[in-house]
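The paragraphs below go through a structure of paired chains, one element at a time. Keep the sequence and the 3D view open while reading.

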Amino acid sequence: MTTHLIEVHELNKVYPAGDTRVVAIDHMDFFIDDGEFVTIMGQSGSGKSTLLSVMGAMNRPTKGRVMVDSLDLYGLTTEQRADFRSEYMGFIFQSFQLVPYLTVFENVMLPMAVTGRKKREKNDMAMGVIDRVGLSDKAHRLPDQLSGGEQERVAIARAIVNRPPIILADEPTGNLDSETAKEIMALLQGLNREGHTIIMVTHNPEMEAHAGRTIRMKDGRILHPRIAA
Amino acid sequence: MKLYNISMGNIRRRKAKMIFLALGLIIGISTVVTLLAITETMTLQIEERLDKFGANIVMVPKTENLSLNYGGIDVGGVSYELREFDQASLGKIHTIKNAKNLGVVAPKILGAAEAGGKKVLLMGVVFEKELALKTWWHKKGAFPETGDQVLLGASVASVLDQAPGKRLTIGGRPFTVAGVLMPTGGAEDNAVIAEMSAAQALLGKPGKVSMVEIAAFCRGCPISELTLQIAEKFPDARVTAMKQAVMSKMQSIEMFKSFSLGVSALVIGIGALLVMVTMMGSVNERTREIGIFRAIGFRQTHVMQIILLEALVLGIFGGIAGFILGNLAAWGIIPMVIENGGFAGINYKLGGISLLMAAALSLLASLYPALKAGRMDPSDALRVL
């Protein structure tokens with residue numbers, strides 16, 4: 001039996017909404033292999049962001065399991081899941097989500113604040129990824145002194161600084177012009193070539209071309225599940 | 001990058017809000033410090049006054065007779081059975097357990113003598129001790145320096161038509177009036193005060209004393225216990241503590257202290273509430289930021305540490321600033337509310353307590369907001385994933 005990096009089994013997520021219930025994910029089954037670049041596409045409200053948060057060990061499903069490296073994410077305690085996110089996952093959020101009072105360097109250092117690495121090692125790692133995303137000369141600037149594309153690069157640097165095997169990106173190009181978006185996608189492709197598994201949520205069909213595989217969603221379900229799997 | 005960098009960064013970014021938060025602590029701590037400093041000054045001042053007030057313990061020979069004197073008026077013409085102590089035995093007073101609390105021990109011999117053709121009250125004293133005890137005595141002329149000089153009470157001087165420098169014959173022996181006391185309203189107004197040995201000789205009671213006035217330093221001294229200790233050494237003596245005045249004044253201070261503590265507790269409570277509300281507001285404002293922390297792998301305890309570190313820094317700042325402000329306020333207010341009162345000085349022990357109290361208060365008031373922040377679900381907090 002083949003073991004996949006991420007396995008999603010019978011996943012179901014229901015949100016209570018007053019007297020009714022909203023089914024965000026409806027019985028999903030799929031897997032993602034190590035080193036893949038997968039896009040999750042769908043219209044707004046199709047459940048793709050919920051799926052990303054569930055896969056990112058941040059949102060407990062109503063039913064079903066998410067296995068990462070044979071580890072049942074929701075069999076872990078809250079604090080264990082935090083440790084898991086720190087070690088295994090890098091997040092690139094919609095709208096960058098940088099901490100406004102920290103410099104580029106400090107924002108990138110943030111995920112390492114709770115790791116046991118030595119100061120020098122942390123500094124080297126942070127400067128390494130800042131250099132990688134081309135912002136060495138802006139390391140001590142605050143986020144509001146950067147352009148949108150530069151802020152996205154900082155978000156990417158922060159996501160990869162701990163060298164996580166999996167990168168989850170939620171609409172990473174949503175707030176960028178097409179040229180900058182292409183640059184960001186090239187950066188993500190580069191990371192994928194280096195071995196990072198990338199799962200990217202987007203509703204932009206142009207971005208699909210950069211990925212190896214696409215999972216299309218509609219109303220919490222996978223369209224064409226056999227193709228997706 | 002450590003967690004405290006995040007806390008300090010947030011404090012720097014939200015200066016206005018953090019100053020407002022610290023203000024709650026500063027006002028609370030400075031109020032406590034001011035009130036306690038005022039109370040401390042009042043206590044010290046009263047204690048100093050009591051120390052200067054003179055005798056607070058009187059030792060007289062035991063007698064079965066009751067005094068028939070009220071307000072200086074004798075009734076019934078009772079003849080008193082006068083008894084005395086041996087002056088040589090008085091050294092035993094300094095062997096009591098609390099001897100270090102004893103200030104001045106002033107013996108006296110009392111008796112009637114004839115002066116200027118009139119019967120007068122003759123009081124023999126050791127001037128050095130007596131003047132140390134009766135700091136409020138003011139005189140015309142000088143205090144006696146030799147055994148042939150006397151000091152006259154204001155009434156006696158008036159009746160005998162005496163003044164400093166004049167000669168006065170007492171019991172057939174010539175004396176010079178060295179000085180005349182200004183009226184005191186006390187028994188000394190009617191007395192001719194002579195050196196102890198001279199008075200003992202005139203009264204025919206060599207080596208005897210009629211009473212002993214003792215000044216014990218009051219600050220922290222157990223007057224009642226001192227009285228008992230002296231009475232144990234002198235079984236034939238009646239030792240009385242003149243503590244009514246002390247007690248009533250101390251009771252007033254105690255009441256003010258209770259009031260101060262009550263006000264302090266109220267102000268501190270309001271300060272704590274202010275800290276809690278502001279911290280809650282800060283946590284709510286930072287929901288998204290906390291969501292990021294949690295999403296990138298911060299544990300609940302890490303988020304709590306960030307919030308509590310901020311509270312600790314503000315608590316320490318509030319404690320120091322409150323202590324300084326409280327002392328400044330006390331320095332300014334005390335001369336206005338206490339007559340002849342001066343600021344008693346900085347109490348560093350109170351400073352330490354203020355600092356600890358402010359830090360503890362700030363931490364305690366921030367505990368619930370920190371718990372709330374720690375328990376935030378990252379996906380709920382971000383609302384974007």
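Predicted model: local features only at pLDDT ≥ 70, side-chain atom pairs only at ≥ 80, totals over all residues.

A:H9 has A:R65 as its bridge partner in β4(A). β4(A), residues 63-68, pairs in turn with β5(A), in the antiparallel sense and over two bridges. In that pairing A:V68 stands opposite A:L71 of β5(A).

Put together, these pairings give an open sheet of four strands in chain A, in the order β2-β1-β4-β5, with antiparallel pairing. Its edge strands are β2 (20-32) and β5 (71-72) of chain A, each of which pairs on one side only. In a regular strand, side chains alternate between the two faces of the sheet. Helix α1 of chain A, residues 48-55, lies across β1 (6-17), β2 and β4 of chain A. The helix runs at about 60° to β2(A).

A further helix of chain A, α2 (residues 78-88), brings in the other chain. Which residues of α2(A) are buried? They are A:R81, A:A82, A:R85, A:S86 and A:Y88. Within chain A, the buried residues of α2(A) pack against β4, β6 (89-92) and β7 (166-170). They also pack against α8 of chain B.

That leads to the contact between the chains. Chain A puts 29 residues into the contact and chain B puts in 24. On the side of chain B that touches chain A, α1 (3-13), α8 (287-295), α9 (300-337) and α11 (378-382) of chain B each supply at least two residues. Of these, α1(B) gives the most, with seven residues. By class, this side of chain B has eleven nonpolar, seven polar and six charged residues.

Chain B as a whole has eleven helices and 14 strands. Of the 385 residues in chain B, 37% are buried. For contacts in chain B between residues at least 6 apart in sequence, 82% join residues at least 24 apart.

Two helices of chain B, α9(B) and α10(B), can be taken as a pair. Two packed helices are described by the angle between their axes and the distance between the axes. α9(B) and α10(B), the latter covering residues 348-374, pack at an angle of about 150°, and their axes are 7 Å apart. Angles over 145 degrees count as roughly antiparallel, so α9(B) and α10(B) are roughly antiparallel to each other. Their crossing is right-handed. What classes of residue make up the contact of α9(B) with α10(B)? It has 20 nonpolar, eleven polar and no charged residues.

Among the strands of chain B, β10(B), residues 173-181, has several pairings to trace. With β7(B), residues 139-141, it runs antiparallel, joined by three bridges, and B:K140 has B:V180 as its bridge partner in β10(B). With β8(B), residues 149-152, β10(B) pairs in the parallel sense over four bridges. There the bridge partner of B:Q149 is B:T176. With β9(B), residues 167-170, β10(B) pairs in the antiparallel sense, again over four bridges. B:I170 stands opposite B:R173 in β10(B). β9(B) and β10(B) form a hairpin with two residues between the strands, in which B:G171 takes a positive phi near 55°.

Last comes a single residue. B:V125 lies in strand β6 of chain B, residues 118-125. Is B:V125 buried or exposed? B:V125 has 26 other C-beta atoms within 10 Å, and a residue counts as buried at 20 or more, so B:V125 is buried. Apart from its neighbours within four places in sequence, B:V125 is in contact with B:A106, B:K108, B:E130, B:I193 and B:M196. B:V125 and B:A194 are 69 residues apart in sequence, yet their C-alpha atoms are 6.4 Å apart in space.

Terms used. Residues numbered from 1 in each chain as written. Chains lettered and ligands numbered in written order. Contact = placed C-beta atoms within 7 Å. Nonpolar A, V, L, I, M, F, W, Y, C, P; charged D, E, K, R; others polar. Buried ≥ 20, exposed ≤ 12 C-beta atoms within 10 Å, placed from the backbone. Pairing = 2+ DSSP bridges. Axes fitted to C-alpha atoms, helices over the stretch in contact; angles between N-to-C directions. Parallel < 35°, antiparallel > 145°, perpendicular 65-115°, else oblique. Left-handed = near helix turned anticlockwise from the far one by under 90°.
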